[in-house]
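I opened my notebook to go through this structure one topic at a time. Below is what I looked up.

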Amino acid sequence: MNPTARYFRNIGKGFSTVLVGMKVTMRHLFTPAVTIQYPDARMSIPERGRNRLYVNMDDCIGCDQCAMACPVDCITIETAKSLSTEDLGVTSTGQKKRLWVTQFDIDFGKCCYCGLCVPPCPTECIYMTSVFEFSDYDRKNLIYSFITLTPGEVAQKVKQAQQAEREAAAKKAAASAAAAAQKAAQAAQKPAPTPEEATQKPAASTAQQSTSSDSPGKQEDKKMESREAKPGQEPTSSAGDNPHESKTD
Amino acid sequence: MAELHTEEMVLNMGPQHPSTHGVLRVELVVDGEVVVDAIPHIGYLHRCFEKHAEAMNYQQVVPYCDRMDYIASMNNDHAYVLAVEKLLNIQVPERVEYIRVIMAELQRIVSHLVAIGTYGLDIGAFTPFLYCFRDREMVLDLFETTCGARLLYNYMWPGGLSHDIPADFVEKTKVFVKQFPKTIKELNDLLSYNEIFVKRTANVGVLPADVAINYAASGPVLRGSGVKWDLRKDAPYSIYPNLDFDIVVGAGEMGTLGDCWDRYMVRVREMEQSLRIIEQAVDKIPEGNVQAAIPKRIRPPVGEVYVRSEAPRGELGYYIISDGSQNPFRVKGRAPSFVNLSLLPEISRGYLIADMIAIIGSIDIVLGDVDR
Amino acid sequence: MHNFITYYLGAGFLASLISSVLPIVFVLGYALVAMYLELKVSAHMQDRLGPMRTGKWHGWAQPLADVVKLLQKEDTIPTAADKLLYILAPLLVFMGSYAAYAAIPFSPAYIGADINLGIFYIIAVSAIVVLGILMAGWSSDNKWSLLGAMRTAAQLVSYEIPSSLAVLAVIMVAGSLNLNDVCAAQTGWFWNWFIFGKFPFLFITFVIYFIASLAETNRSPFDIPEAESELVAGYHTEYSGMRFAFFYLAEYANMFTVAAVAAVLFFGGWNSPFGTFMSGPIWGAFWLITKGMVLVFIQMWLRWTLPRFRVDQLMYLSWKILTPFALADLVAVGLWTVLR
């Protein structure tokens, strides 16, 4: 196309496309707006909407699954073993609760609202609500604490759990000391198979069994100790119900 | 007569700039108004995605993948879960594949709408941006009813999906598919063929095909230069072989082949092709359980895998090395925007400062992808 | 009578004072209305609502709120800025825009200064704006401001030519530079308006004038100087508070000046479109303001539809398209006028 023709064609196209564009915007001038006036009107959040989490402590068994599933480590859970005499009740799914949950904090400043903590929960006590308007002026106020025990109760539960542990450990030590003493006494005697030995062996084996059955408890205690010793945890919230003193006990 | 010596000025299109699509710093060396060199400085949005991935298990890496290219979140997840599934050597139910493809294509439409809208905004047309976002809302509502989130979904899990689609999803998708072509027509009337827009973008930032291939460009940047390369057809994955669609290439319609207008138009036409894919797939979704193949514990055997997919911005690949434990040993994301951005100095020499905006916009970068 | 104030008060100092202050009252009121109109028109074209909360009813008080906000801002002057020029620049820009109001015939009974060179005066005094803009860009001591100012100066100066040529064509038809005479030559029903005269040449003249004047007011698609997405804010980047308000006000004042001149030249000025029905001194003011506002609305409509031109394309449009067409059009109109 020669330059003159192209020149005029460009001018023509310029005008025609501008007019077409103007027609589009003029049409839109008279279409109703698609926006609503928040906060007077609000869009509805769908049922599966992933917003702020909520934990129903009645159903929480303190299994720590949600905390382990969280990719940003925003859930902090501490538990204390309950005594065999205490009855914590049953969750709505029928599971018997055995642990006192002494700390259940979720830091919503860190939470990325991914929802990975929801499926692993065996009792479905943690779930995402439709609340999304919960901003605060202070970042510390975004750390929500869900436990239902008062600080006094928490301190008491932790103390009694540690005490029970100590007693169990002491008993174990005594039992193993007794077994060791018996063994030493046996070794000192002649290793001739006597009817006494035959009766002692099962006793020794039961002593062994008791030590082996204690070990998961020991492991759990080790876990508790390692959790307690976790460095760099932010001093938790204004709710102020986390007794640090209990950790140093 | 001696040459008049003019000094070159160094201008900073600084990290905070309305048109650099995020925190990108471009150091421009200009001679008057003509750009002599454009050096991008990145890293302002680096969030150590790959380092984080080494400390998480495979399931927990998915939310991090979302946040790489935050506008095309579904596609990020798609490539990652395909990689993990290849490593684990598991076969997902066909229903999962179909839903994943539908979500990926819807996400492609949404991502291109953002690209087109913000491109118009950079060039000075304020209105198409609003129209694009109005249509984006329809798709985001679909996503929200399915998985609960509007931008960062965490929807595709290794082995399946987090939720099955709700009962009215197919119907609502069909409604969207029916009314979206009107928006594309409106966009074309208002922006694409507008003479001023064409004059701003045609013959600007010309990227020859061989240069594009040498720089490992991919996606609309590559296809805008006339190279017919789309991973959905050339290295197919998932159920793309069963679907009928065309690869859109630039043809130098308004100017030179490989200019900004071509890249822009490739995106507009790709939206139409995505609509075709969605239309076909949504009728064919087979029955099944989307969570049937999700492994209880993901512990792949020792090995490495590289899987790539066609994200809206180009070839998105994940290279995963597994050492047999629950956490990956290394996850590397091959980000399309990072590679495409490296083209910037090459295609901006000799153009004006105002053209820089058009060029950066046409490459369509997302800084989350560039910096990870 | 041409100016009811001098008619009643005699041609003294008091009359001149009132005549020069009256348009300011109009400009300030009009600016608030125009700002609100812009917010709402842009919003509805973009399928949204615009301001709805300030002032309870559809956000009518939003421009007032903006003015109060601008007034209470800190008055910053960059350390390395040229203080005198920095302070003088917004005043010059506003002065250039406002001085044109002296010669706009708002009504058969009111024109600020009934000079025989009306339109010539308007064009001349609008050129002071270029000076103010250059001062603003230079004194801000900012690379981006300087670039913006230089572009603006080039743009404004280039577009004065097709604008003036278009005006010249109409003046040839009307036979006088006095804007009241131009209005008087268009009395009667609307088909007497110059835009329908000497068809199609005066229509083309109107289009050329409208595009050129759009560029004169720095409105999109010619808003390269304020290109928000490119140079942050061009020549007024460093200005804040009341000084920025002056620039802003000057832009709106300019818009109406240009619209009013177009209304006078092409759409009959203060004449009613229905002949003697609804005409008279007060109706005259109503018609001129209405016609001006319709043209202002079209300017806003264009802003929200079109992307902006690049600098060199802007120059190309002015020198290679508008000026040749304006010249050819001038010749055609002149020949038609002479040969009839």
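**Confidence in chain A**

The mean pLDDT of chain A is 77. I noted that 76% of its residues reach 70 or more. Over residues 201-249 of chain A, pLDDT stays under 50. For that stretch the model has 37 contacts beyond four places in sequence. Where pLDDT is low, the predicted coordinates should not be read in detail.

**Layout of chain A**

Next I listed the secondary structure. Chain A has five helices and five strands. Read from the N terminus, the order is α-β-α-β-β-β-β-α-α-α. I then checked burial. Of the 249 residues in chain A, 18% are buried. I also looked at contacts with a separation of 6 or more. In chain A, 79% of these link residues 24 or more positions apart.

**Strand β2 of chain A**

How many residues of β2(A) are buried? I found that seven of the seven residues in this strand, 75-81, are buried. I went through the two faces in turn. One side holds Ile75(A), Ile77(A), Thr79(A) and Lys81(A), and these are all buried.

Then I looked for a partner. β2(A) pairs with β3(A), residues 99-107, in the antiparallel sense. Seven bridges join them. I picked out one position: Ile75(A) stands opposite Ile106(A) of β3(A).

**A sheet in chain B**

I moved to chain B and found an open sheet of three strands. The order is β6-β7-β8, with antiparallel pairing. Why does one side of β6(B) and of β8(B) lack a neighbour in the sheet? Both strands, 303-311 and 330-334, stand at the edges and have a single partner strand each, so one side of each is left without a neighbour. The twist from one strand to the next averages 10°.

I counted the links on one pair. β6(B) and β7(B), residues 314-322, run antiparallel and are joined by nine bridges. Val307(B) has Tyr318(B) in β7(B) as its bridge partner. Helix α3(B), residues 73-88, packs on this sheet and touches β6 and β7 of chain B. The direction of α3(B) makes about 150° with that of β6(B).

**A kinked helix in chain B**

I followed α6(B), residues 169-192, along its length. A kink of about 30° lies at Gln179(B), shortly before the proline Pro181(B). I wrote down the buried residues of α6(B), among them Thr173(B), Phe180(B), Glu186(B) and Leu187(B). What do the buried residues of α6(B) pack against? I found α1 (3-29) of chain A, together with α4, α5, α7 and α11 of chain B.

**Where chain C meets chain B**

Last, I turned to chain C. I found 20 residues of chain C in contact with 21 residues of chain B. On the chain C side, α10 (228-231) and α13 (311-339) each supply at least two residues. α10(C) gives the most, with three residues. By class, this side of chain C has eight nonpolar, five polar and seven charged residues.

**Where chain C meets chain A**

For this contact I noted eleven residues from chain C and twelve residues from chain A. The chain C side divides into seven nonpolar, two polar and two charged residues.

Note on methods
Residues numbered from 1 in each chain as written. Chains lettered and ligands numbered in written order. Predicted model: local features only at pLDDT ≥ 70, side-chain atom pairs only at ≥ 80, totals over all residues. Contact = placed C-beta atoms within 7 Å. Helix = DSSP H or I, 4+ residues; strand = E, 2+ residues; numbered from the N terminus. Nonpolar A, V, L, I, M, F, W, Y, C, P; charged D, E, K, R; others polar. Buried ≥ 20, exposed ≤ 12 C-beta atoms within 10 Å, placed from the backbone. Pairing = 2+ DSSP bridges. Axes fitted to C-alpha atoms, helices over the stretch in contact; angles between N-to-C directions. Bend = angle between axes of the 7 residues up to and from the residue. pLDDT = per-residue confidence, 0-100.
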